[in-house]
Amino acid sequence: MCDHTNKNIYLPYLATVAEIVDETPDVRTLRLVFQDEQVRENFAFRAGQFAEYSAFGAGESTFCIASSPTRAGYIECCFRSVGRVTEELRRLEVGDSMGVRGPYGNSYPIEEFFGKNLVFVAGGIALPPLRTLIWNCLDLRDKFGDITIVYGARTEADLVYKRELSEWQERGDVRLVKTVDPGGDGPEWDGRVGFVPTILEETAPAAENTIALVCGPPIMIKFTLPVLEKLGFSDDQVYTTLENRMKCGLGKCGRCNVGNVYVCKDGPVFSARQVKAMPMEY
Amino acid sequence: MQKYISQHNLNTLLDTLIAKGTRVVAPRMNAGTPLYEPLTSASEMITDQLPRRSAKEAFFPLCEDIMSYEKEGQQVTVTDIDPNRFPETVLVGVRPCDAAAIPVLDAVFSWDYKDEFFLERRRKTTIIGVACTVADDACFCTAVGLSPAETRGSDLFLTPLEGGGYACETYSEKGEALIAGNSDLFAEPTNAKAVPLAEPGTEKLDLAKVKAWLDEHFEDPLWDGIATRCVGCGACAFICPACHCFDIVDEGTEKAGKRRKSWDACGFWKFTHHASGHNPRDLQPKRYRNRIMHKFKYYDDKFGQTLCTGCGRCVRVCPVGIDIAQIIEKIEKGTGD
Amino acid sequence: MTQPIDTSIYSAVTEAIRAEAQRILSAGEVSAIVGYAAARRKGSAQPIVITDAADTAKLIFSASCVNNLAVYLTKAKKDIPKKGRIGIVVKGCDLKALVGLMGESQLKREDLYLIGVPCAGVLASTVQPATELTAETIAPKCTECDTRLPQGCDFVPAQTPATPQLERKYAAEIARLEALTPAERWAYWKEQFAKCIKCYACRQVCPFCFCEQCLCDRNKPQMVETTPRPAGNTAWHIVRAMHLAGRCAGCAECERVCPMDIPLNLLNRKMAKELKELFDYEAGFEVNDKGPLATFTEKDDQSFIK
């Protein structure tokens with residue numbers, strides 16, 4: 001939190017909804033601008049961190065900060081409306097106020113990725129926690145080697161950041177492999193058809209000097225990690241970001257632990273080595 | 001610093017503090033239930049019963065407002081709670097198991113982010129502990145390395161003496177300040193013998209050995225064996241001096257309301273339930289395992305301390321007789337159930 | 001002047017339970033038995049689920065066998081697998097709860113092997129487990145018991161329980177409260193509910209609170225506030241008492257387990273009294289298809305419709 005004068009760690013910043021993008025029928029992006037000038041100028045975060053977003057009256061919900069820290073003046077969150085708070089957030093209109101507490105958690109060790117190739121593997125609603133890093137890296141493009149993105153969802157409609165997928169596709173310096181499973185019936189679908197781990201294996205990115213960033217539902221992670229291992233990635237070359245039920249977001253309410261690891265403090269970013277050491281409790 | 005205080009002078013001390021506007025919290029009867037509550041007079045204080053709930057709520061109340069909000073059109077006003085809201089407090093008659101838990105809680109409430117709701121109350125509170133002369137067979141402070149004379153957590157510690165009155169010993173500047181500010185009530189130590197201390201029947205366990213077992217036995221039939229009995233209420237967590245998990249909710253209307261934090265428990269099925277329907281701890285044995293793990297392993301991994309002081313309240317209050325002292329003893333002795 | 005209650009039959013009852021449990025488990029008549037076993041604290045007992053015939057030696061019956069084991073057979077306890085017939089040790093009060101559950105299609109009689117116990121009473125929650133059972137230390141619910149010998153069980157030890165005549169504690173307290181003015185009564189209950197800490201022990205031990213997700217655990221909509229504040233606490237207890245009216249069997253577990261000594265069973269006994277007066281209904285040993293509040297007949301009083 002950049003406001004060190006406020007002793008109440010649970011007090012959110014106020015932010016105005018500046019823009020709304022409907023990514024899919026039930027997934028929405030909100031672009032937020034902090035109302036306080038000091039906060040606008042001083043709010044800083046690293047890719048991978050998350051925040052607690054308030055719909056006052058309904059409560060708070062936990063999402064990553066989906067925009068890149070290289071983009072000043074706003075932050076973005078992206079969420080599916082599935083519970084009370086996210087349904088209330090969906091009722092907000094441009095100009096409405098909401099709350100933001102954060103940034104919390106650890107972040108991707110981006111400096112350790114300099115000079116390396118990057119492979120991003122994501123499924124469905126799990127693209128946002130990687131998208132922050134994708135743009136962070138693209139905004140610092142010459143610091144990295146090859147960048148490959150393998151992203152899929154059940155159907156074309158379920159893909160998020162559709163505009164950006166086109167942008168990434170059109171850049172010459174990123175390889176984007178889109179897939180749907182099943183989907184792919186539309187005449188304009190120009191991607192692959194198949195389960196993300198399968199498409200990843202076919203894409204076969206080289207493991208040498210490469211970091212893999214994976215985010216998706218547990219079933220996708222379960223099948224993706226072995227594919228990466230088969231392609232020669234060690235557990236220290238693979239990172240993921242976990243989510244868990246959270247309330248305080250800052251290590252006190254005792255809810256988000258996986259074994260002795262607090263997802264809100266020790267994570268949400270973990271290497272595959274760290275994830276494999278955790279008990280199956282997430 | 002060592003002193004003597006008579007029961008009469010202790011009562012005078014408390015009444016003087018009350019008259020000055022200090023909040024004096026001590027064990028007292030509330031409609032037949034002993035609780036740590038604010039006194040209106042020293043005569044209300046009881047000394048012969050363990051309060052049903054612990055002293056943690058003097059620092060970590062059952063429920064408190066953490067902010068309020070008001071909506072007007074597209075604007076929201078968020079109002080902080082008055083930082084001067086916490087009164088100067090003397091917490092007196094605190095059992096060693098309750099007092100020892102408070103510094104244990106300091107660790108989590110000051111872990112990187114300083115929870116001023118807890119820490120400001122800590123700064124403004126002086127804790128007067130008292131040695132236990134009575135215990136029952138649910139007490140197991142000795143099993144976790146504490147005792148009826150444990151002074152950890154007390155700023156001033158009272159030991160009951162034969163013939164009345166207490167030997168006092170200070171363990172902090174706050175304790176010394178309390179004596180200095182009321183020096184006419186304290187006398188030089190006497191030769192009176194201490195009233196015999198309570199003798200909890202449990203022997204000291206090697207908690208490192210318990211932790212070593214927990215490190216390796218996340219999966220184990222022990223959890224199904226004990227925890228199948230657990231019905232998933234929050235009684236054990238709520239009355240425990242060391243449990244500190246909480247929930248944050250907004251209560252009010254769409255137009256105005258409060259954000260509150262209140263006690264929560266890992267025993268509830270809802271505790272880790274995602275809105276998507278996924279629940280990493282979907283069955284009671286997994287939830288109960290988390291309780292034992294948190295107390296005897298995770299808190300040690302993170303903060304180097306055990307999250308249990310052996311007060312025995314969970315043993316007394318558990319609807320289905322789950323006995324945490326029995327569990328850790330079985331683990332330490334290497335005999336499964 | 002202490003009036004001891006004769007519990008001399010309990011050791012013979014214990015032997016009889018062990019023998020029967022051993023027999024039915026070895027013969028494969030049941031796949032598991034839910035009963036009581038001794039716990040660490042002197043004189044105390046705890047629920048146990050036994051699947052190995054060798055473990056039947058652990059079963060006991062004593063004045064500390066306070067739990068209503070019926071809760072372990074409800075669908076709320078998903079982690080206890082129910083394969084084949086289950087044996088269960090029941091006191092009369094516990095059996096009434098099981099009968100109620102059968103009436104609500106939660107259990108089938110043929111899936112249960114009922115081991116009834118002749119019971120002279122069990123200890124109140126306010127005394128240490130090793131205390132002698134007397135008129136002063138007996139659980140309040142036992143002072144009104146009319147089911148010391150459970151009916152319709154598959155096995156009951158041959159002993160006859162003592163049937164002491166005791167002052168009916170709940171009837172006396174209900175009469176006291178009924179004699180108060182509404183304002184006085186409201187003040188009494190406000191004071192009681194202000195003590196509630198929302199631990200939900202009352203709900204979790206209740207055999208009839210078997211909803212897989214309690215109405216009050218939902219937040220869409222939020223029916224009752226979750227924080228332990230007086231208004232929300234009062235709403236919670238009223239909601240629960242209403243949901244139990246016409247179902248509650250009077251096992252009084254809710255009151256026993258409340259860490260804050262709230263006299264919850266008073267609410268349920270008062271509701272039971274109303275149900276008796278209005279619909280001539282009370283919990284018993286006959287399985288009723290539907291409770292009175294789940295049915296409507298033309299004879300029902302409609303005078304309140306003006």
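Into which domains is chain C divided? Chain C is divided into domain 1 (10–144) and domain 2 (169–294), with bounds that come from an automatic or database domain assignment. The model is predicted: local features need pLDDT of at least 70 and side-chain atom pairs count only at pLDDT 80 or more, while totals for chains, interfaces and linings use all residues. Residues are numbered from 1 along each chain as its sequence is written, and chains are lettered from A and ligands numbered from 1 in the order in which they are written.

**View 1. The two domains of chain C.** The centres of domain 1 and domain 2 of chain C, taken over C-alpha atoms, are separated by 24 Å. Their contact takes 24 residues from domain 1 of chain C and 23 residues from domain 2 of chain C; two residues are in contact if their C-beta atoms, placed from the backbone, lie within 7 Å. On the side of domain 1 of chain C that touches domain 2 of chain C, 12 residues are nonpolar, 7 polar and 5 charged. Here Ala, Val, Leu, Ile, Met, Phe, Trp, Tyr, Cys and Pro count as nonpolar, Asp, Glu, Lys and Arg as charged, and the others, Gly among them, as polar.

**View 2. An open sheet in chain C.** Four strands are arranged in the order E2-E1-E3-E4 (chain C), with mixed pairing. Strand E2 (45–50) and strand E4 (112–116) of chain C each have a single partner strand, so one side of each is left without a neighbour in the sheet. From one strand to the next, the twist averages 30 degrees. Strands (E, at least two residues) and helices (H or I, at least four) are DSSP runs, numbered from the N terminus, and two strands pair if DSSP finds at least two bridges between them.

**View 3. Strands E3 and E4 of chain C, with helix H1.** Strand E3 (residues 86–90) of chain C runs parallel to E4(C), and 5 bridges join them. C:Val89 has C:Ile115 in E4(C) as its bridge partner. Helix H1 (residues 10–26) of chain C lies across strand E1 (32–38), E3 and E4 of chain C, at about 150 degrees to E1(C). Such angles run from 0 to 180 degrees between N-to-C directions, and axes are lines fitted to C-alpha atoms, for helices over the stretch in contact.

**View 4. Chain B against chain C.** In this interface, 34 residues of chain B are in contact with 33 residues of chain C. The side of chain B that touches chain C has 16 nonpolar, 9 polar and 9 charged residues.
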